Amino acid sequence: MRDALTAALAVAGTAGLVVCCVGFARMRDVFDRVHYANAASTLPPVLFAAAVLLDSGWRSSGMTALLVAFFTFMFGPMVAHAMARLARLRRIGTLEPTPDERERGR
Amino acid sequence: MNLWLWCAAALMLALVPCLLVAARAAHEDALLALQLASTVTTVALLALSQGLVRPVYGTLALTLSILSFVGSLTFIRFMERHV
């Protein structure tokens, strides 16, 4: 039972990352791509760390996996936010709403 | 090959789309591809650590997860200055 759960979590984490990578490559806009890159840094590493934790218990490997998932989970959205900021600066030249966006009430 | 090594192999294949985007798309897309590739490599190192029973690879994954964040932010700050 425990082995099956470990395998299911590891496969789910791997599949999540693979789906994010394929989706990332298929998108054409950087703002769409940010979603896939951010999704890859949240759930799949946590699922994978849970699998490692189940497999090796609260020993060195399990704790390392937990820390990796924690840092990836914390840092991924920060990079995504900074990346979206950079993309907007490079595309539009300002972070402020443009007159057109103001008019549309964004 | 055990399950962990199969997962690591699948994750290595998942790096191909990131490499394609990094090689062909605009700079900001390439930087995003680098960030995604770092996440994938981090998890692949965890899988290798379990599959080959080498805990030191787990330490490498932990180091990469922190340093890739710092590296990405450095690149972003650098590119923001040159807008």
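1. Start with how the two chains meet: chain A puts 38 residues into the contact and chain B puts in 37. Keep in mind that this is a predicted model.

2. Helix 4 of chain A has the largest share, with 17 residues. Sorted by class, that side of chain A comes out as 27 nonpolar, 8 polar and 3 charged residues.

3. Now for the pair of first helices. Helix 1 of chain A packs on helix 1 of chain B at an angle of about 10°, and their axes are 8 Å apart. Angles under 35 degrees count as roughly parallel, so these two helices, helix 1 of chain A and helix 1 of chain B, are roughly parallel to each other.

4. Who does the touching? From helix 1 of chain A, the residues include A7(A), T14(A), L17(A) and F24(A), while helix 1 of chain B brings in L3(B), W4(B), C7(B) and P17(B), among others. By class, this helix-to-helix contact has 18 nonpolar residues, 1 polar and no charged ones.

5. Helix 1 of chain B also deserves a look by itself. Its buried residues are W4(B), C7(B), A8(B), L11(B), A14(B), P17(B), C18(B) and V21(B). They pack against helix 1 (2–26) of chain A together with helix 2 (27–51) of chain B.

6. A quick check on length: helix 1 of chain B (residues 3–24) has 22 residues, so at 1.5 Å a residue it should span 32 Å. The C-alpha atoms at its ends are 33 Å apart, which agrees.

Conventions. Residues are numbered from 1 along each chain as its sequence is written. Chains are lettered from A and ligands numbered from 1 in the order in which they are written. This is a predicted model: local features need pLDDT of at least 70, side-chain atom pairs count only at pLDDT 80 or more; totals for chains, interfaces and linings use all residues. Helices (H or I, at least four residues) and strands (E, at least two) are DSSP runs, numbered from the N terminus. The expected span of a helix is 1.5 Å times one less than its number of residues. A residue is buried if 20 or more other C-beta atoms lie within 10 Å of its own, exposed if 12 or fewer, and partly exposed in between; C-beta atoms are placed from the backbone. Two residues are in contact if their C-beta atoms, placed from the backbone, lie within 7 Å. Ala, Val, Leu, Ile, Met, Phe, Trp, Tyr, Cys and Pro count as nonpolar, Asp, Glu, Lys and Arg as charged, and the others, Gly among them, as polar. Axes are lines fitted to C-alpha atoms, for helices over the stretch in contact, and angles run from 0 to 180 degrees between N-to-C directions. Angles under 35 degrees count as roughly parallel, over 145 as roughly antiparallel, 65 to 115 as roughly perpendicular and the rest as oblique.
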